[in-house]
Amino acid sequence: MKNEDKELMNFVKEWIDIAEEDLILAKHGLSISSGISYRMICYHSQQSAEKYLKAYLVFNKVEFPYSHNITTLLDLCSYIDKFAERLRDAEILTAYATAMRYPGEYRKLKKNDAANSVGLLKKSDLVSEINYRRWD
């Protein structure tokens, strides 16, 4: 493997490692019986999805804008492979990146919202698709 390829793979791995940390935090938050901020579970679910998609784009050498928008990232991924179309349910996570974290835009999220945000990562197969396709 060329040095350039090794550097690329190391960078992709960094993106995936951070995505997995966010996913672990989101899942763990659901297991805590009291005092958990559901908006933070939703936030970490969004962050995980965003970073997995960016890892896929990095692997495929596709530049992407500084954006938390899952739709934008899925659009870019769909230029590479149509699998991204099956992940469109994850677009709802975009709202958790910023709007749900600040006063004035904040709404009280429920446990069901948090469970759905984590479930979207599995339901949409985003994590498994990205992990599978990153090495294509």
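## Salt bridges in a helical protein

Reader: Hi! Which side chains meet in a salt bridge at 2.6 Å, N to O?

Author: Hello! In this predicted model, the side chains of Lys51 and Asp22 meet in a salt bridge, 2.6 Å from N to O. The pair links distant parts of the chain, with Lys51 in helix H2 (residues 38–59) and Asp22 in helix H1, 29 residues apart.

Reader: Are those two buried or exposed?

Author: Both Lys51 and Asp22 are buried.

Reader: Why can side chains pair like that?

Author: Side chains of opposite charge can pair when their charged atoms come close.

Reader: OK! How many salt bridges are there?

Author: The count comes to 6. One of them joins Lys13 and Asp17, at 2.9 Å from N to O.

Reader: Where do Lys13 and Asp17 lie?

Author: Both are in helix H1 (residues 3–31), 4 residues apart, which is about one turn of the helix. Lys13 counts as partly exposed because its relative accessibility is 45%, between the 20% and 50% cut-offs. Asp17 is partly exposed too, at 30%.

Reader: Changing topic: how many helices and strands does the protein have?

Author: There are 5 helices and 0 strands, so the pattern along the sequence reads α-α-α-α-α.

Reader: And how much of the protein is buried?

Author: Of its 136 residues, 43% count as buried. The protein exposes about 7700 Å², and carbon and sulfur atoms supply 54% of that area.

Notes. Residues numbered from 1 in each chain as written. Predicted model: local features only at pLDDT ≥ 70, side-chain atom pairs only at ≥ 80, totals over all residues. Heavy atoms only, no water. Helix = DSSP H or I, 4+ residues; strand = E, 2+ residues; numbered from the N terminus. Buried < 20%, exposed > 50% of the residue type's maximum accessible area, 1.4 Å probe, protein only. Areas by Shrake-Rupley, 256 points an atom, 1.4 Å probe, with all protein chains shown as cover. Salt bridge = Lys/Arg side-chain N within 4 Å of Asp/Glu carboxyl O.
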